[in-house]
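Let's walk through a protein model together, one question at a time. Have the structure open and follow along.

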Amino acid sequence: MHSDNGTNFVGAKTELHELWQMFQNECATKKITSYCVEKGIEWSFIPPRSPHFGGIWEAGVKQVKHHLKRIVGERKLSYEELYTTLTQIEAVLNSRPLVPSSDDPSDYTAITPAHFLIGREMQAVPEPDYSHLKENRLSRWQLVQTMLQHFWRRWTAEYLPELQNRSKWLKTKVIKEGSLVLLVDQNAPPLQWPLGRIVTVHPGEDGVTRVVTVRMANGAEFKRAVTEVCLLPLDEDED
């Protein structure tokens, strides 16, 4: 297990180590002890005061701070309003698809960070788009939802191109029939990630695929340029 050198993580390691020692000394917990030993976890820390060692997760934190600062701006938020905004942003980040749930071509679902936290995907009640309204006409709740919608648009506009660029850094991007892909949709509401399966690739005369046919969960099929679809971040790492 890898993390930064924050005091909360160091403290967690200490607590877990003390818990492990307790299991070792208690006869009544022999079965639990054997399981913990068998599934032992090695916790590796990055050097103190070296956030750049965090790589991907520190980049994600930087993105959130960057966009949060811009959506809040000079507004004076109450504790509840700021807490709600941060919680909704957390839900956005934990809703992003990571890897297909299965290799079944009829399965259009993906594993998300939320599955590891709450055991299922994140869900949200759809809210009207308030972006066309002047701020002085909004209630405080509508203002919070407007900030969330602005964050969603800004963050996805940066995150989706990163998925496409990242695959180019690692290796030649190969989109195969049957791949679960994320469609670029600037009009998708927060926490909604349109996923589809590649059913046909259309290579050009040079053998390079620039157009694919995508099937959605509702059975609809349509063609999309490869620049309008993204491989899931962990799925492409396993190719």
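Here are some questions and answers on a sheet and on a group of aromatic rings in this predicted model.

Q: Which strands stand at the edges of the open sheet of 5 strands?
A: The strands of this open sheet follow the order S8-S7-S6-S5-S9, with antiparallel pairing. Each edge strand has a single partner strand, so one side of it is left without a neighbour in the sheet. The strands at the edges are S8 (221-225) and S9 (229-231).

Q: Over how many bridges do S7 and S8 pair?
A: Between these two strands lies a hairpin with 4 residues, where glycine 219 takes a positive phi near 95 degrees. Within the pairing, valine 212 stands opposite arginine 224 in S8. The sense is antiparallel, and the number of bridges is 5.

Q: Is tryptophan 155 buried or exposed?
A: Buried means under 20% relative accessible area. Tryptophan 155 has a value of 3%, so this residue is buried.

Q: What residue pairs with tyrosine 159 in edge-to-face fashion?
A: The two rings are 6.1 Å apart centre to centre, with 75 degrees between the planes. Tyrosine 159 sits in helix H6, and its partner, 34 residues apart, is in the loop between strand S5 (180-183) and S6. That partner is tryptophan 193.

Methods:
Residues are numbered from 1 along each chain as its sequence is written. This is a predicted model: local features need pLDDT of at least 70, side-chain atom pairs count only at pLDDT 80 or more; totals for chains, interfaces and linings use all residues. Side-chain values use heavy atoms; hydrogens and water are left out. Two strands pair if DSSP finds at least two bridges between them. Buried means under 20% relative accessible area, exposed over 50%, partly exposed in between (1.4 Å probe, protein chains only). Rings of Phe, Tyr and Trp (its six-membered ring) pair if their centres lie within 6.5 Å; planes under 30 degrees apart count as stacked, over 60 as edge-to-face and the rest as tilted.
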